[in-house]
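Hi everyone, thanks for coming.

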Amino acid sequence: MRFVDEYRDAELGRALAAEILATAEPGRHYKVMEVCGGHTHTIYKYGVDDLLPENVELVHGPGCPVCVIPMGRVDDGIAVAHEEGVIFTCFGDMMRVPGGHGTLLEAKAEGADIRMVYSPLDALRIARESPDREVVFFAVGFETTAPSTALTLMRAKAEGLRNFSVFCNHVTIVPPLRALLESPDLRLDGFIGPGHVSTVVGARPFEFIPADYGKPIVVSGFEPLDLLQSVHMILLQLRDGRCEVENQYKRVVPYDGNAQALRVLAEVFDLRPHFEWRGLGFISHSGLKLSHAYSDFDAELRFRVPGIRVADPKACQCGEVLKGVIKPWECKVFGTACTPERPIGTCMVSSEGACAAYYNFGRFSRGEKRLVGA
Amino acid sequence: MSFHCATCSDEGVPMTVTSISDEALAVCDRDTEVMTDLVGAVEPGDVLLVHAGVALAKVEQ
């Protein structure tokens, strides 16, 4: 496929790996965080980390939207799904995310009408086809996914659709990054920036990372060569004593983002004062709610949402995984009590979650890493 | 198993426009309907980066 195959070329990959090896300073340990779950998935699907020298370590950040949903919001969603006459729609992975009292999949088995959709437009279509039912869409995701929800709501409003609403759990990327950088137990040398979020917000919002925290960041694409090149660009910045925002993903990321998408987001959403993140706690101005102009479509106003708060299970260390403090296999329940079939933590649910990526691609310990030249 | 993000069933997939079905709706590969509000006018042959049913960008040729 065009724009895909050329970024998976094995020869170019080996050449980039050799350049990374030549650039990494022997005796220095580099820790680079990929923020986005999509990057984590690519790294383990293609074995990108196998091509890196031992002293270049990739750690995994909080960029999987499923992984950061707190258990209480899942319980809230289940409560709405059980309301009389409701058709509750959500993306596939949300079905298996455990709340304090089970999953949406289990609620479906108990009789709630819960349906998986591929985009909010599918939920809108269901609403048109079921005028006597209330159709609710469980919206999750960063600025990448939020425009899809926003455009769907604009269509619903234009059509005067009265039986459609959104349970909004959209989040923004900058506040959790700032929270991570403020964390005292975090030691990072640089960031691989989220490519698809940046198609919307651009690379400019990440300027605070070099400016305020002295760390380089390279906004990266999602193919293996994109990631290898981004790691190399970070190492070059560190070698040359530079610290800036660079854009490796120029083929789709404008430095200032997509102006139309930003206008749409500003019209449909407002920032919440604070929002709870799995493992990270409450972060100010990090979540979105529907704006006043779209409040008629707000499921939290239309239905009785209990506002449940649930503490994460004690055995689960998703929070430390999301902050990059521990590797998934260092969690006490990884691969034993917590598996993709029966997840305890959200990081094991989504295919973009770090734990699921490690588990599905057989990375049970650092000792199993195939070293360059080995 | 799927290697795409099951959260939204894609992870920013390049798709080629095959026809235009509405003012801001295009039909792409595999008869997928895609909202094109964010990328302006598109025409058959354009390659779009699609996420959750929305074209986020035109891929530069």
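Some housekeeping before we go on. This is a predicted model, where local features need pLDDT of at least 70 and side-chain atom pairs count only at pLDDT 80 or more, while totals for chains, interfaces and linings use all residues. Residues are numbered from 1 along each chain as its sequence is written, chains are lettered from A and ligands numbered from 1 in the order in which they are written, and side-chain values use heavy atoms, with hydrogens and water left out.

Back to chain B. It has five strands and zero helices, where strands are DSSP runs of E with at least two residues, helices are runs of H or I with at least four, and both are numbered from the N terminus. Of the 61 residues in chain B, 56% are buried; buried means under 20% relative accessible area, exposed means over 50%, and partly exposed lies in between, with a 1.4 Å probe and protein chains only. Contact here means heavy atoms within 4.5 Å. If we take the contacts in chain B between residues at least 6 apart in sequence, 29% join residues at least 24 apart.

Now look at the loop between β2 (25-28) and β3 (32-35) of chain B, where B:Arg30 sits. Its phi is near 55°, a positive value in a residue other than glycine. B:Asp31 is in the loop between β2 and β3 of chain B as well, and it has a positive phi of about 55° although it is not a glycine. Are these two buried or exposed? B:Arg30 is exposed at 65% relative accessibility, and B:Asp31 is exposed at 70%.

Who packs against α10(A)? One partner is helix α1 (residues 10-23) of chain A, at an angle of about 20° and with the axes 9 Å apart. The axes are lines fitted to C-alpha atoms, for helices over the stretch in contact, and angles run from 0 to 180 degrees between N-to-C directions. Angles under 35 degrees count as roughly parallel, so α1(A) and α10(A) are roughly parallel to each other. In that packing, residues of α1(A) including A:Leu12 and A:Leu16 meet residues of α10(A), among them A:Leu228 and A:Leu235.

Two last stops in chain A. A:Leu52 lies in the loop between α2 (37-46) and β2 (56-63) and is buried, at 1% relative accessibility. A:Arg115, in strand β4 (residues 113-116), is partly exposed at 31%. Beyond four places away in sequence, A:Arg115 touches residues including A:Phe88 and A:Arg133.

Conventions:
Angles under 35 degrees count as roughly parallel, over 145 as roughly antiparallel, 65 to 115 as roughly perpendicular and the rest as oblique.
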